[in-house]
Amino acid sequence: MFLLTHMITSFIASAGFGVLFNAPKKSLLKCGFVGMVGWFVYIWLVNWQYDAVISSLIAAFTIAVISQIFAKMYKTPIIIFSVAGIIPLVPGGIAYDAMRNFVENDYNTAIQLAAKAFMISGAIAVGLVISEVINQMIRKVQFKSRI
Amino acid sequence: MGKEYPPTIEVIEICLLAGKIMLQGGAETYRVEDTMTRIAASLGIPHSHSYVTPTGIIFSTDGTEPAKLIRISERSTDLYKVTLVNGVSRRISSGELDGKEALARLKEIESADYTFPVYQQILAASIASGCFLIMFLGSWTDFIPAMIAGGLGFVSFLYVHRVVQIKFFSEFIASLLIGLIAYFFVYSGVGTELDKIIIGSVMPLVPGLLITNAVRDLMAGHLVSGLSKGAEAFLTAFAIGAGIALVFTF
């Protein structure tokens, strides 16, 4: 039930972001799907007591792979799918908590939270990079085998 | 070959227009450069150089034509136009479109407005805010407050931005309003968790596209664009944070 709620809400939220970013109407459902899968991976891993950083990394990687497949299938720029999928992972909550603690003069907690938010954004970036690297490697190998 | 190519000046115009639309729509810098080079190559200019930053495009061909520069002053997010230009570029590469047709099509794309109607955007923002609240483990009783706060925050962002052309100011006002509305709901007993409501409703303003783009640009070796987009994302995040923080200082 917990996972089902998360799947439905993340689907709607990601599709909503598709509307805000003016993604093509046809791809709104796919945006929602990418966001749903990414968030599902994240929340499932967090539920299994994995660290938020590791979970973000794996979720971002999953999103990037699906976006690449979709981009190839539908011949559209990859950015349409990856952006909508990444949004839920952005550590908005932690960044907010950090900001709040800064304002309340609790700098120790604030710095800790800010470092955490930074680590998570780094993990998302690395997840995207790894998938891109693998994609380029596959393309290079295919190119070589053709020669 | 025997194929007739359009004059160089026209090719430059096509490339710059395509690049301009894509950059304004929020495409990654490396994609813009790639598209421009591809279009030029398929229209008979195999060696061209483009230098794209978030604020301007320089494009030159290896010939007698001088390099051209255009300034990009307004950037928004319009992924539909990016997709359309991408499609035009593909059709030029495959030879379906010649220079004149491509230019006409690009001009048509540039002047058209494909955005969703404003009420749909506001609806999407408020529903997304509510859904984010649930995703961040909020309780269902806060769903409606988050929807209202997120929707009104987005409305104020749109309208303040129309009056004052400074993005950071409108983001600041929007997040300030979100903070006040959330505080009002919790104070009056309708909402329960102030933090969760604020986090959920602030999400439509969060610079997710910029962050993703900045990373992709850095990865592709476009250090200047990557860093400047990163700076823009940081400023946006700072504006949102400052707006919320102001509510807490009261």
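Predicted model: local features only at pLDDT ≥ 70, side-chain atom pairs only at ≥ 80, totals over all residues.

Colleague: Which element gives the most to the nonpolar patch?

Modeller: The patch covers about 580 Å² and is made by A:Met1, A:Leu4, A:Ile8, A:Ile12, B:Leu123 and B:Ile127. Two elements give two or more residues to it: helix H5 (118–135) of chain B and helix H1 (2–20) of chain A. The top giver, with 3 residues, is H1(A).

Colleague: And B:Ile127, does that count as buried, partly exposed or exposed?

Modeller: B:Ile127 sits in helix H5 of chain B and is one of the residues making the patch. Buried would need under 20% relative accessible area and exposed over 50%. B:Ile127 comes out at 30%, so the label is partly exposed.

Colleague: Now the inside. What is the volume of the largest cavity?

Modeller: Rolling a water-sized probe over the atoms shows where empty space is left. Counting cavities of 30 Å³ or more gives 1. The volume of the largest cavity is about 50 Å³.

Colleague: How many residues of its lining are charged?

Modeller: The largest cavity is lined by A:Ala64, A:Gln68, A:Ile78, A:Ser82, A:Leu128, A:Ser131, B:Thr212 and B:Arg216. Giving two or more residues each are helix H3 (52–74) and helix H6 (107–146) of chain A, plus helix H9 (208–219) of chain B. Arg falls in the charged class, and the lining splits into 3 nonpolar, 4 polar and, for charged, 1.

Conventions:
Residues numbered from 1 in each chain as written. Chains lettered and ligands numbered in written order. Heavy atoms only, no water. Patch = residues over 30% accessible without salt bridge, like charges linked within 9 Å, V, L, I, M, F, W, Y side chains within 5 Å. Areas by Shrake-Rupley, 256 points an atom, 1.4 Å probe, with all protein chains shown as cover. Salt bridge = Lys/Arg side-chain N within 4 Å of Asp/Glu carboxyl O. Helix = DSSP H or I, 4+ residues; strand = E, 2+ residues; numbered from the N terminus. Buried < 20%, exposed > 50% of the residue type's maximum accessible area, 1.4 Å probe, protein only. 1 Å grid on protein atoms, 1.4 Å probe; cavity = no way out; pocket = protein on both sides within 12 Å on 5 of 7 lines; lining within 4 Å. Points joined across faces, edges and corners; volume = space filled by probe spheres on them.
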